[in-house]
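Here are my notes on this model. Please read them with the structure open.

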Amino acid sequence: MQTNLTKVGDKWAVEVIGGPDDETLVKTFSGREEAATWIRAAGKGEVEVPVLKPKKASRAKPQSKAKSVKP
Amino acid sequence: MPTHFSSGVSNVVTGNPLYELGVLDPTKYHTYWDDFDTTPIAAQWTLTATSAGSGTSAITVPDADGGIARVTTAANENDGIYAEWISETFKLESGKKTWMKCRLSVGDAVQSDWLIGLHSTDTTPHDATMRYIFESVDGSANVYFNNDNDTTDSDSSTLVTLTDDTFVTLAAYYDGGTSIQLFVDDALVTTMTGITVPAAEMAVGFGYINGAAGAETADFDYIYVIKER
């Protein structure tokens, strides 16, 4: 789990990144100290680490049916 | 038996002034290597020691094979010492690979704050404006890598959980793009992605402070930083 802490407006956003096949998750905090404390606690296993959802596999477009040709 | 290149070896192209030189051109890389055979002194390092408790926080080089910078702390919580190179001489740059490797052992893996790596000069380097460091903070023996470019503060997952008085080797490889590979005892543990490295010069730095009362020691065996020019 990689975390990226960034200021967004007047909030602090923690982006949680897993493997390349996982969707990222963003948690926001009102203060940097609060966000940093959460990151440290998550690293120590003191708070529940978010389970990242797998990225949705891109679906291949269904092939269009061939038009039937009347004899 | 080693392979012998009796005429020498070269890493330069035809026309280079060092073309006939039989050793590799070291100017292709900016290299910092300290095996700590000599004590970090104030003429070369900014040393920030805190000694509120009994004793004096200091760095010494004891009699030990391999060379070790030994941090000894005074006896209060938050006593200890940070050393940073007196100038900021490394700037990570896109398109230029950078390697960093170090070896250390800490007296109290849980009750301590320590770091080693590159950071902008700051007497409280855990809060330096820009950081490219391995670190661990008080209350946990977990080691992680921290990249802070003054906009985004990124932590890796836990790389290793330290044990008291046990050496560990840590290494980072920046690919010149947006990835940092992280190694423990020469094995790849994880890769940070989407990273923007700090855009200004940083100093080599290391240090250890107590997370609880009682004098402690930490041994920094070496640090090696190499960047492509």
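What percentage of the 71 residues in chain A do buried residues make up?

1. Buried residues account for 17% of the 71 residues in chain A. Buried means 20 or more other C-beta atoms within 10 Å of the residue's own, with C-beta atoms placed from the backbone.

2. This is a predicted model: local features need pLDDT of at least 70, side-chain atom pairs count only at pLDDT 80 or more, and totals for chains, interfaces and linings use all residues. Residues are numbered from 1 along each chain as its sequence is written, while chains are lettered from A and ligands numbered from 1 in the order in which they are written.

3. Chain A has 1 helix and 3 strands, in the order β-β-β-α along the sequence. These are DSSP runs, numbered from the N terminus: helices are H or I of at least four residues, strands E of at least two.

4. At the interface, 14 residues of chain B are in contact with 10 residues of chain A. Contact means C-beta atoms, placed from the backbone, within 7 Å. On the chain B side, β9 (142–148) and β10 (152–155) each supply at least two residues. β10(B) gives the most, with 4 residues.

5. Strand β1 (residues 2–8) of chain A pairs with β10(B), antiparallel, over 4 bridges. Pairing requires at least two DSSP bridges. N4(A) sits opposite S154(B) in β10(B).

6. F145(B) deserves a look. Beyond residues up to four places away in sequence, F145(B) touches F134(B), S156(B), L159(B), A172(B), I180(B), L182(B) and M192(B).

How values were computed
Contact = placed C-beta atoms within 7 Å. Buried ≥ 20, exposed ≤ 12 C-beta atoms within 10 Å, placed from the backbone.
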